[in-house]
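Student: I have a new structure to look at, and I would like to learn how to read its features one by one. Could you guide me through it?

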Amino acid sequence: MSKSPTLAMLPWWPRDYLAATRGMTLAERGAYTDLLFYSWDMGALPNDPTRLARMLGVHSDEFADIWPAIRVKFIQNAEGQIVNERLERERIKAADNKAKALERAKSGGKVTKEKWERDPEGMAASLAASRATSQATSPHDAGLQARLEEGSPTPTPTPTPTPTPSPTPTLGGGSKGEPRKIGNGRSEQTRADKIRLAAIGIEKGLDAETIHKQYGLTVDEVARESLRQGKPG
């Protein structure tokens, strides 16, 4: 039996499935569904009703009654095994998406203006995955977060904003017309500073929750604003 790419999740389209199985009995539909699951996990199936019956855990005589309604859902491949055409098309698409995700991971997951313009859907999916799965728990990440809080996430010195009155109120500002002092006496970071530092944090692996807690921004906001400035985001 040929082995197909290992894919944990099977794309499922309920409306298409119901339409394709509407004329089946409950037993036929159940056996057909199980064979689809076996095929997704194992690859092509043996073109042998006796072996299929054993896979389903039913007697050959019982399976013989329902096999004709199921057999039409499969075609025979060059190796003499049977496959479901729709399932194999979904397998190819899922394998391609998995390969693209791995390639993005190998490249460090950095989002640049060029990458975003070339593959906006892929970059959006990558950012969504980062929000769902990233964890900043290692000592390295903790140190990075501390540096971000101090306003110096990279070895390159970052200019300290001039503590002059600003017409735009800052988050948690101090007295009227004066920016609030934070940390070691520096002024409150501007939105542009927050976006820049949050973008660096995303590149270094900080998760979406930490970015939002530290800067009050979502990953999508950082990406959009950074692209407008022509910087990595």
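Tutor: Let us begin with the whole chain, keeping in mind that this is a predicted model. Among contacts in the protein between residues at least 6 apart in sequence, 57% join residues at least 24 apart. The protein has 11 helices and four strands, and buried residues make up 33% of its 233 residues.

Student: How should I read a nonpolar core, and which residues have the most contacts inside the largest one?

Tutor: The general idea is that in soluble globular proteins, nonpolar side chains tend to be buried together. Here the largest nonpolar core has 22 residues, and those with the most contacts inside it are Leu35, Leu52, Ile70 and Phe74. Two or more residues of this core come from each of helix 2 (26–42), helix 3 (49–56), helix 4 (60–71) and helix 5 (85–106), with helix 2 giving the most, namely five residues. If you select isoleucine 70 and leave aside its neighbours within four places in sequence, you will find it in contact with Glu28, Ala31, Tyr32 and Leu35. There is also a second, separate core of 12 residues, which includes Ile195, Ala208, Tyr215 and Val222.

Student: How do I describe two packed helices, and at what angle do helix 3 and helix 4 pack?

Tutor: Two packed helices are described by the angle between their axes and the distance between the axes. Helix 3 and helix 4 pack at an angle of about 110 degrees, with their axes 9 Å apart, and that angle makes helix 3 roughly perpendicular to helix 4. On the side of helix 3 the contact is made by Pro49, Thr50, Leu52, Ala53 and Leu56, while helix 4 contributes Ser60, Phe63 and Trp67.

Student: How are aromatic pairs read, and how many are there?

Tutor: A pair of aromatic rings is described by the distance of the centres and the angle of the planes. The count here comes to four aromatic pairs. In one of them, the rings of tryptophan 12 and phenylalanine 37 have their centres 5.7 Å apart and their planes at 50 degrees, so the pair is tilted. Tryptophan 12 lies in the segment before helix 1 (14–21) and phenylalanine 37 in helix 2, 25 residues apart, so that the pair links distant parts of the chain. Trp12 and Phe37 also belong to one aromatic cluster with Tyr17.

Student: Are tyrosine 32 and phenylalanine 74 stacked, tilted or edge-to-face?

Tutor: Their planes stand at 80 degrees, with the ring centres 6.1 Å apart, so the pair is edge-to-face. Tyrosine 32 is in helix 2 and phenylalanine 74 in the loop between helix 4 and strand 1 (75–76), which places them 42 residues apart in the chain.

Student: Is tyrosine 32 buried or exposed, and is phenylalanine 74 buried or exposed?

Tutor: Tyrosine 32 counts as buried because its relative accessibility, 6%, is under the 20% cut-off. Phenylalanine 74 is likewise buried, with a relative accessible area of 4%. By contrast, tryptophan 12 is partly exposed at 34%, and phenylalanine 37 is partly exposed at 41%.

Student: Where is glutamate 221 found, and what does it touch?

Tutor: Glutamate 221 is found in helix 11 (residues 219–229), and it is partly exposed, with a relative accessible area of 24%. Not counting residues up to four places away in sequence, glutamate 221 touches Arg191 and Gly216.

Terms used:
Residues are numbered from 1 along each chain as its sequence is written. This is a predicted model: local features need pLDDT of at least 70, side-chain atom pairs count only at pLDDT 80 or more; totals for chains, interfaces and linings use all residues. Side-chain values use heavy atoms; hydrogens and water are left out. A nonpolar core is a set of buried Ala, Val, Leu, Ile, Met, Phe, Trp, Tyr and Cys residues joined through side-chain atoms within 4.5 Å. Buried means under 20% relative accessible area, exposed over 50%, partly exposed in between (1.4 Å probe, protein chains only). Contact means heavy atoms within 4.5 Å. Rings of Phe, Tyr and Trp (its six-membered ring) pair if their centres lie within 6.5 Å; planes under 30 degrees apart count as stacked, over 60 as edge-to-face and the rest as tilted. Axes are lines fitted to C-alpha atoms, for helices over the stretch in contact, and angles run from 0 to 180 degrees between N-to-C directions. Angles under 35 degrees count as roughly parallel, over 145 as roughly antiparallel, 65 to 115 as roughly perpendicular and the rest as oblique.
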